[in-house]
Amino acid sequence: QVQLVESGGGLVQAGGSLRLSCAASGSIFSINAMGWYRRAPGKQRELVAVITSGSSTNYADSVKGRFTISRDNAKNTVYLQMNSLKPEDTAVYYCNADGVRGGGAFLANYWGQGTQVTVSS
């Protein structure tokens, strides 16, 4: 069984920074891509950033230049450094692992439970 555990959310003032972490646990052999999505109140879930096992990255236009995604493949952990936060970044942030091999899975997709990020103006 593979589990994703997120940490690092919280309340911050506009212009501040937060760092999210997500660790995947279980008998994992490899993970193709890890990423962060978010869902703001009244809106659909959207991609924030994604990183492949080869460190290729993709960002939503709204966070380019402010957020940085990184990954430690040895620890099956992905990070999201969020700088210059804006009130519109307020959302529940979800970690995603795609193309997971191991733990009885083959190219499976997993989601974390979500962590709240609130940016006050």
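## Strands and their partners

In strand S5, Val 50 is the bridge partner of Gly 35. This is a predicted model, in which local features need pLDDT of at least 70 and side-chain atom pairs count only at pLDDT 80 or more, while totals for chains, interfaces and linings use all residues. Residues are numbered from 1 along each chain as its sequence is written, and side-chain values use heavy atoms, with hydrogens and water left out.

Strands here are DSSP runs of E with at least two residues, numbered from the N terminus, and two of them pair if DSSP finds at least two bridges between them.

| Strand | Partner strand | Bridges |
|---|---|---|
| S1 (residues 3-7) | S3 (residues 18-25) | five bridges |
| S4 (residues 28-39) | S9 (residues 91-102) | ten bridges |
| S4 | S5 (residues 46-52) | six bridges |

S4 and S5 form a hairpin with six residues between them, and in its turn Gly 42 has a positive phi of about 80°.

Buried means under 20% relative accessible area, with a 1.4 Å probe and protein chains only. Glu 6 stands opposite Cys 22 in S3.

Ser 21 also lies in S3, and it counts as buried because its relative accessibility is 18%. Leaving aside residues up to four places away in sequence, Ser 21 touches Val 5, Glu 6, Ser 7, Trp 36, Val 78 and Tyr 79, where contact means heavy atoms within 4.5 Å.

Notes. Helices (H or I, at least four residues) and strands (E, at least two) are DSSP runs, numbered from the N terminus. Buried means under 20% relative accessible area, exposed over 50%, partly exposed in between (1.4 Å probe, protein chains only).
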